[in-house]
Amino acid sequence: MSGVLTLSPAAAPFPWAAVTIATYTGKATLNFDTAATGVSLDLDGSQLTADDDIVQALAKAGGLSDDSAKTSAYFALAKTLPTVTAIPEITAALDSLDDHLAYRTFLVGHTMTAADWAIWGGLKGSAKMVGLLRNNKHPHLLRWFSHLESLESTQLAIASLSEAKSAKARSNKTAASFALGLQNAKEGEVVTRFPPEPSGYLHIGHAKAAMLNQYFAKMYKGKMIIRFDDTNPSKERTEFEETILEDLALLDIHGDKVTHTSDYFDQLYDYALQIIKSGKAYADDTEQEQMRKERMDGIASKHRDDSVGDNLKHFEEMTKGTEEGIRWCIRAKMSVDNPNKALRDPVIYRCNLLPHHRTGSKWKVYPTYDFACPIVDSHEGVTHALRTNEYRDRNPQYQWMIEALNLRPVHIWDFSRLNFIYTLLSKRKLHWFVDSGIVRGWDDPRFPTVRGIRRRGLTVEALRQFMLAQGPSQAIVSLEWDTIWTLNKKVIDPIAPRFWALFKTNLVPVTIKGGPAQVEVKTLPKHKKNPEVGEKQTVYSSLIFLEQEDALSFDDQEEITLMDWGNAIVRSKSTNDAGIITAIELDLHLEGDFRKTKKKITWLAQPAGANTLVEVTLLDHDYLITKKKLEENDDVKDFVTPVSEFREEAVADANVRALTKGDIMQFERKGYYIFDGVVDGRHEFIHIPDGRAASIASKAGAAASAEGAKESKKAAPAPPAASAVSSAKAGFETPVETKMYKVGKVYGENEVETPVETEMYKMKSVYDP
């Protein structure tokens, strides 16, 4: 008899052990109830509410092996795992489990037991533990954890939780409709495919398709094919195939095999002959514009009823690429006036005299994607074709081809195209940015390409979590970037080393009374909460630098905290005629309590002898366009952000010299950065957004709107296509320093009065002159 496990999808801590053992044993169905205050299991007429009792009851009902005397100890450990926050304690727990699993497949005995699910659930409930586990420092524990996570039952449990969490949003038509699994899928038999066109670089939208295809292939222990849809010689090049495979590798996506549609050109040609001979396709020489109009108006082509012989004759001319042949194309005879315009006799073969990058000049005719895709899917054994729902109107066309050619059927699975605000995914528009010199290439950190987002510091783990959380959604929405960057922060924060950098503009020299007579170097952890990140060398001196902004904030005789050192008291400040602080004297006060100071300050020892600082450039970026979503008739040139890259010169501690390109770290009090390499002798670091509003808000126009801005703040020049918005009219305004792009008022510059009939006494505004 099957039981029912009832719980809230927002339960904290989430009872992962109970949920996953329920799906693993199949002895309880999941009932997500937002009103539930805890977890309860109704099984065989009894109700259990304690996590341990539920896990053990389901293990017994599922016939899992009898547990040993060690089981109680594992259950006790599982309870504590989600509550441990100190990195040394987490590391100790992971070390112990890793050692135990060095020569074992499971925790107790030789088969799965309740203890395995209890510990797995405890680990899964701690984001920090999962993050540290992914560092490959505990290979035996990671192997065990990944095995349990990869089980179909576990994936279904995770998917069902995603479904429950999105249920409320779906009722508002804004979230995913995640279905638990693929239609008629059988373990070991599922084959998916990712079919990119080798005509450009992969972007974040392609990443969703690739990740979902790999996800379902792994979920059902099947295979995924990477197939290059190379049916258009005008666009495709071999170099794009290489870059696409590199982009997929950056996403940790690897197909079981790589194929090309061009591998099947001979078979596709034979199928074209077959469909013509069967009377289900015809040759047409209608001009493109007229054909488009006839299809829209439901008018049949004058050649629709031509004889099979005539059609074959024209197709032969097309095949030869003659002057007569290139006028013609082949159209499927589906419908003239079907309400679904995708079924109105679509083109399935056309001429192209350009050499193909793989087959050379062998062919002069090429199939369209809509003709080739179902045929190759069927031939390659694809069981489930995942497609974005922009193809939904063409799904009946896909099935028509399958039936017309008597091919093995393929299941189609729709999901929504991934769209983000202020983001372009159109290859044509992205090409324009590259060709116009607004960006420096397809890997520019402002670009939504896989290379661009990875260069900006987005991790594969965060991207994967985000994509799977979306699921095969049907909702067409433009998503905010905050969620994905927040996920990314959770991944990088536990492992990002901490360093210091100070903006160079008006650096303030500081003399510390009571400081060391000679320069001292001390070894400190790179990450105070995670010693495994490593150690760094920190230089202490009685002569240091502080940032101008910090110095301006100090009050006389104020006690401050110098980070990683101790407290100090501000004794004197020197200022020039412009109000800039030129020198400060501090008294070291190590007896002071850092908990009582308001200001914790980063600092750097002044260069002396072997102690040197590193010249760095900190880069920050804005969206490339100023409108959240461009409409079909919008010209991208009218919405280009005037300034979308910002550079700030700074100096950093010498520890950053050990970084390699692509390393992610944190400059304390400034944010997360990814090291982008050395350019003209300067180390360049790209800022990684952390999901907070300030880090993802538009920064456009900052250089133009802030008069007297720092001289070292170098912004990329605005493109000719963009124009700055004029400043607001003079009057009473609350002064605000912001990098937000200034836009005009929706009601214009004139004051808008709302007519109101009232007997209230009219008062003059206190702000009127």
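Biologist: What makes phenylalanine 265 buried or exposed?

Modeller: Buried means under 20% relative accessible area, exposed over 50% and partly exposed in between, with a 1.4 Å probe and protein chains only; phenylalanine 265 has a relative accessible area of 3%, so this residue is buried. Tyrosine 366, with a relative accessible area of 0%, is therefore buried as well.

Biologist: What should I keep in mind about where these values come from?

Modeller: This is a predicted model, in which local features need pLDDT of at least 70 and side-chain atom pairs count only at pLDDT 80 or more, while totals for chains, interfaces and linings use all residues. Residues are numbered from 1 along each chain as its sequence is written, and side-chain values use heavy atoms, with hydrogens and water left out.

Biologist: How many aromatic pairs does a search of the whole structure find?

Modeller: The search finds 28, where rings of Phe, Tyr and Trp (its six-membered ring) pair if their centres lie within 6.5 Å, and planes under 30 degrees apart count as stacked, over 60 as edge-to-face and the rest as tilted.

Biologist: Why is the pair of phenylalanine 265 and tyrosine 366 called edge-to-face?

Modeller: The ring centres of phenylalanine 265 and tyrosine 366 are 5.5 Å apart and the planes stand at 70°, so the pair is edge-to-face.

Biologist: What makes lysine 536 count as a charge over the ring of tryptophan 500?

Modeller: The rule asks for NZ of Lys or CZ of Arg within 6 Å of the ring centre and within 35 degrees of the ring normal; the charged end of lysine 536 sits over the ring of tryptophan 500, 5.6 Å from its centre.
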